[in-house]
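Hi everyone, thanks for making time this morning. I'd like to walk you through one model, so please have a look at it while I talk.

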Amino acid sequence: MNVDFSICMERHPLPAGGYLAQLTLNAPSRRNAITPEMAERLHRALLGLRDDPEAVAVLLDGAGDGGFCGGADAQRMLASALANPGGAAVEAEAFLCCGYISTFLIHTFPKPVICWGDGRVMGAGLGLMAGASHRIVTEHSRLSVPEASIGLLPNAGAGWYLGKMPGETGLYMALTGVQLGAADALYAGLADYCWASAEKSTLLRSLLHLPWCDDSSANHEMLTDALTDWEVEQGICLQHAPLKTHRQWIDQHCRESCPASLEAALAGAAPRDAWLSESLTGLRRGAASALKLIVRQFERSRGLGLADVLRLEMTLAANRLRDPEFAEGVRARFKDRDQDPHWCYRSVDEVPDEEIEALFVPPWQQHPLTALG
């Protein structure tokens, strides 16, 4: 009998009764990238913990040293798309639906959710972390949304949480795939606390000795105060925050929401600035059609609630899975690993507006996330 331990749950008993649930993404050989099976198990676990009066809080983390979550399993999604060329990617769409429901569930969870975002936190993993009530990064944390490099778009609520970042930094992050360290994660509002990576076991012990009670609101407040005090005691000094340092430059050159203009500005500044040079490399790695789509995604997401953003992204992702750009991006990055995708378009200006607009049309008679929110 095959037993799926891709999501591990451990119930830690508390002195006053009840337990703290530790949910661990358990696929360290894949940097804990989320598969359809993992998404389904995570969804079931969250529902059970939400409804269990003995569960007072959830600690969400990743196994091994590779990071919290390397995003979604793009190769599985591609295989699903190729199984029905031009039609519905049945497994991938079910995976997206389940993952988005879990994302919404974490955002609206009635009990504290602590996320230990050590190491790589990418794509769908950042979507999970963004919804937690108490988000912890470490000196090793690297947060990113690199989906444009495989011809896709940031999703799992990206239009919601990236849109809340200061100024135009969320759009910049989506277009360039730039990685954020701990200081910038805190500045961007994607994290709440910074701990030393080696102190994870200390965190768990400390959580187990808190005076948890039956009042979820009181638990939230108590946990916030405790994590704030513990962070101060650790005395971590955060210095390197290039996103914050470049905020004015980013706002100036992203205000027009034009990837071509941003590329020209980066090309002019890159020789004098290593961080902007990395951003330029990331921007050029993305498919022109994906960059144009991301700009429209941000425009359409503005002012929407989380449920509507998730419905929008479900539509875009499901349509984009059927596009040859996605297949080529996954081939170049994950299958052949030549890092040389042959995109359909050489520049954003070549991408037809009608092709992008067509991606916003739901491919179903009834949206899979109709009941969400």
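Before the strands, a quick word on terms: two strands count as paired if DSSP finds at least two bridges between them. Helices (H or I, at least four residues) and strands (E, at least two) are DSSP runs, numbered from the N terminus.

What you see is a predicted model, where local features need pLDDT of at least 70, side-chain atom pairs count only at pLDDT 80 or more, and totals for chains, interfaces and linings use all residues. Residues are numbered from 1 along each chain as its sequence is written, and side-chain values use heavy atoms, with hydrogens and water left out.

Let's start with strand β7, residues 134–138. On one side, β7 runs parallel to β9 (residues 193–195), joined by 3 bridges; Ile-136 has Tyr-193 as its bridge partner there. β7 also pairs in the parallel sense with β5 (residues 113–117), over 4 bridges, and Arg-135 stands opposite Cys-115.

How many of the residues of β7 are buried? 5 of 5, where buried means under 20% relative accessible area, exposed over 50%, and partly exposed in between (1.4 Å probe, protein chains only). In a regular strand, side chains alternate between the two faces of the sheet. Here, His-134, Ile-136 and Thr-138 point one way, and Arg-135 and Val-137 the other.

The structure holds 19 of them. In one of these, Arg-135 meets Asp-192, with the closest N and O atoms 3.0 Å apart. That pair links distant parts of the chain, 57 residues apart, with Asp-192 in the loop between α7 (182–188) and β9. Arg-135 counts as buried because its relative accessibility is 11%, while Asp-192, at 31%, is partly exposed.

Now over to the helices. Lys-292 and Asp-353 form a salt bridge at 2.6 Å, N to O, which connects α14 (residues 288–301) with α17 (residues 353–358), across 61 residues. Lys-292 is buried at 12%, and Asp-353 is partly exposed at 40%. Glu-357 in α17 and Arg-296 in α14 are likewise 61 residues apart, and their side chains meet at 2.8 Å, N to O. Which residues make up the network of salt bridges here? Lys-292, Arg-296, Arg-300, Asp-353 and Glu-357 are linked in it.

That's my tour, so over to you!

Key: Salt bridge = Lys/Arg side-chain N within 4 Å of Asp/Glu carboxyl O.
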